[in-house]
Amino acid sequence: MAAPASLQSKQWSCASLAAGNNHLLQVKSEESRQRQADLEARKKAIQAEIEAIQQEERQLEPVPEVPEVMDELPASAKRMPPNSTKTTPVKKLAVVKKRREGEVPGVRKGYAMVDARLRRLCEKKPSGKLNVPQDIHNMWLAGGHSRDNLRALLEKFEFDKDGWESYIKDAVAYCKKHGLVKSLGWLVQALEAKIQAAQAAFDTFVECRSQVSCRDAIRQARVTRNPSKGLQRLAAVPLKKSETGAHQTFKAFGQSLDLKISRVDLVSKSRFPYVSLSDWLKYVVENDSLEQIVGVKDLQDMQPLLTTFWSRFRFSHPHHKMYDPLESGAPQHHSMTIPIVMHGDEGRGRKKKQITILSWMGLLGRGSSRCSGSGSSGDPEPVCSLNLLGSTWLTHFLHSVLPVGLYSNQPEALDEVFALQARELATLFYDGVEIGGRVFYVACVGVKGDVPFLTKCGGFIRSYTRKPTAKSSRKAGVGICHLCCAGKEDFEYPVPFEELGVEHPSWLSTVGLEKPYSSDPPYALVPFERDGTDVGKLYRFDIFHNLHLGLGKSFVSSAVCMVLELCQGMSIGAAFGKLSEDFRRYCVRNSESPYHKTLKASLFGVHTGFKECPDGAWSKGDYTRLLLEWFGDYCSREVGGRTDDPVYLLCAEATDAINEYMSGLHHENLFIKSNRTIYLGRKGLQFLLNYSKLAQLTFQRKQRRFPLVPKAHYLHHQFLDLVRQGERGPWTLNVLAFANQMSEDFVGRPSRLARRISPMTSSLRVIQRAFLAVRNALCNEDGSCKSGKL
Ligand SMILES: [Zn+2]
């Protein structure tokens, strides 16, 4: 049963706030326990009383008259909403409003109001229904004294706003005393409903009181008679300063992180709050949580791990400043240099307005769901694992939160924050930070995010937004890729970005040839590759956005619509039904729980007809993975050997290639051996080549399928890099190191916090609440809290 409106309308605050609150709220005082026990006992007694009344009713008896005198009605009684009881229609009543002599105007007005309400309550509705039992309706029809009694009853019930407990007790006693059980049976039914509602409300209250706002936490602390010092201090916080005071108390009693919030003046906001990387690093090291950044717990394990990492990273990034002997001040201690990745994305805050969340994470972690970090037997070097496991509150470190109001009119505010990060990254790279007598260094090996974010933080001239949208234009296209000149129409020779899947595309020689920006972006300060080499590589393409939410989605939509043609003799609906049934069986066989269980035309964007270019309507990247795996299975049964048409065969071949590529990456660690890298890279290229052929063949057949989009070119870079790096050295960095799945999950968390608080203060409040959430995640991971309770 739903909670009453008073509870539903309550603005419960974020769960993270509850993290800090949990301990004080789960401690119940003796008195509150006793109160609750009393309440339960009383409710049971009332329930028993009602049951007794119902029992009596069954044995009864002629309907008694309503007593003439209403003075005995208890003061605390109030009317319950009547049940909509169906009764036999009676003849329509003509309501005549009576005016009594000697009434003063104000009283008359009040009287008229009660009369009107009584009429609305008791009269027959135009539909023929009655909202009250026939007995009550008859009493009202009778008029005179009988109606006066009803009016008095209504006044008593309606105007008393006392609590439900005393009301139930008194009203039940009243009904019993005056034999009104049958004539007011609707009231008894309402009482039962009220008891159930009250029980549900009570349960909801108990459940929700661990998720309350600061004000409610303080109020709760004030009524909880617990000798704890923390609760006493929380109770003493003024309600007008609830946020500041509550967070100070949480911090003082170990319920939040003891982490400094720094300030910087931005063009659009003075004293903008952020958490510096060095403060996070200090916190992690001092609290024995190195695992969150490098995947291992001890410093003794970290040092050989980092040495291995940098020795392997060199094969894919030989020009990194880490390896430059001429670069004065570059850290010489590879074993103490932690590789990290910066991440940024726009989430949705309050009123669905954009909010930019900037964070960072370690490149090394505890593995992935399909590869938990075990190395091959006999490998003397430590295993470098991916960072795709664990709560994202623990693997990602929040830097700052910018509501759109801070940068919509003054975009330079974002650049100021990027520059702030870049300056600190340079300091941490060259000078490091001393923690516990050891100097830790940090090296940023990439900036990741979706393409709009990369374009924004890199200030790119050449980006996906510059893709051609018409057959021809007067102005030459400037290019769509920050790494190369693909799509640049006035280049000295043709470099189309649509050239897909080949190992030597024409744009390959233009990689790193021209800078993608007119002036150096803020992240140019980040120590990365040596000057004169390809600095654009710092900005990492993301396979999650490019494949799962990009080309993979376009491919599987078009391919399913093509293979549908093989269901001959069926209508479109029947053909989709056949595929849908097959998809369901596949999901059952493989224990999958798909977001969309039915495959239908609207899901593939062809509900208006097959002349449309198919476009997947789902928003979950994982659904693309599932559809591709199912489609590969379906094609192996329904396409192979049943047709010679190259279109269908290419669809099946491309699906197998991309499935093998993705599965292969997920079963690898952070570094992949060269022969495996080349194999997987070529599988990716084969997928792209088939996609390109399919686009050509369907274009010749005048079908709108397999759109050629910039994301296909970005994937081409990734696949080709794997092959090139595999040829260059024994180890290659796994593409999944810069995948955004986990970071997307992380961005959602602070965004949800931001929806609970005012946009005016969200930059600070989200950080404070994030500290509570991290503290809570630490508790959950350990199974016990590391620091004391309030
Ligand atoms: Zn390119």
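What covers the buried residues of helix H12 (residues 277–286) includes helix H13 (291–294), strand E4 (354–362), strand E5 (396–403), helix H16 (412–430), strand E6 (433–435) and strand E7 (438–448). A residue is buried if 20 or more other C-beta atoms lie within 10 Å of its own, exposed if 12 or fewer, and partly exposed in between, with C-beta atoms placed from the backbone. Helices (H or I, at least four residues) and strands (E, at least two) are DSSP runs numbered from the N terminus. Two residues are in contact if their C-beta atoms, placed from the backbone, lie within 7 Å.

The model is predicted: local features need pLDDT of at least 70, side-chain atom pairs count only at pLDDT 80 or more, and totals for chains, interfaces and linings use all residues. Residues are numbered from 1 along each chain as its sequence is written.

**Helix H12 and the loop after it**

- The buried residues of H12 are Leu277, Ser278, Trp280, Leu281, Tyr283 and Val284.
- Aspartate 288 follows H12 and sits in the loop between H12 and H13.
- Phi of aspartate 288 is positive, near 60°, in a residue other than glycine.
- Aspartate 288 is exposed, with 11 other C-beta atoms within 10 Å.

**The chain as a whole**

- The chain has 790 residues, of which 42% count as buried.
- Its secondary structure comes to 25 helices and 10 strands.
- Among contacts between residues at least 6 apart in sequence, 72% join residues at least 24 apart.

**Strand E3 and its partners**

- Strand E3 (residues 337–348) is mostly covered, with 10 of its 12 residues buried.
- E3 runs parallel to E7, and seven bridges join the two; two strands pair if DSSP finds at least two bridges between them.
- In this pairing, proline 339 stands opposite alanine 443 of E7, and valine 341 has glycine 446 of E7 as its bridge partner.
- With E4, E3 pairs in the antiparallel sense over nine bridges, and glycine 347 stands opposite isoleucine 355 in E4.
- E3 and E4 form a hairpin with five residues between the strands, where lysine 351 takes a positive phi near 55°.

**Strand E7 and its other partners**

- Nine of the 11 residues of E7 are buried, so E7 is largely enclosed by the rest of the structure.
- E6 and E7 run antiparallel and are joined by three bridges, with valine 433 opposite phenylalanine 440 in E7.
- Two residues lie between E6 and E7 in their hairpin, and glycine 436 in the turn has a positive phi of about 60°.
- E7 also runs parallel to strand E8 (residues 539–540), to which two bridges join it; lysine 448 stands opposite arginine 540 in E8.

**The largest nonpolar core**

- A nonpolar core is a set of buried Ala, Val, Leu, Ile, Met, Phe, Trp, Tyr and Cys residues joined through C-beta atoms within 7 Å.
- The largest such core has 171 residues, and the members that touch the most others are Val442, Val560, Val563, Cys651, Leu688 and Tyr691.
- Helix H18 (residues 543–563) supplies the largest share of this core, 12 residues.
- Leucine 688 touches Leu500, Gly501, Ala712, Leu715, His716 and Phe719, leaving aside residues up to four places away in sequence.

**Helices H18 and H21**

- The axes of H18 and helix H21 (residues 646–666) come within 10 Å and cross at roughly 145°; axes are lines fitted to C-alpha atoms, for helices over the stretch in contact, and angles run from 0 to 180 degrees between N-to-C directions.
- On the H18 side, the contact is made by Gly552, Phe555, Ala559, Met562 and Val563, and on the H21 side by Val647, Tyr648, Cys651, Ala654, Thr655 and Ile658.
- These contact residues divide into nine nonpolar, two polar and no charged; Ala, Val, Leu, Ile, Met, Phe, Trp, Tyr, Cys and Pro count as nonpolar, Asp, Glu, Lys and Arg as charged, and the others, Gly among them, as polar.

**Two further sites**

- Lysine 702 lies in the loop between helix H22 (674–700) and helix H23 (710–728), and its phi is positive, near 60°.
- Lysine 702 is exposed, with 7 other C-beta atoms within 10 Å.
- Leucine 141, in helix H5 (residues 134–142), is partly exposed, with 16 other C-beta atoms within 10 Å.
- The C-alpha atoms of leucine 141 and glutamate 123 are separated by 8.3 Å, and the two residues are 18 apart along the chain.
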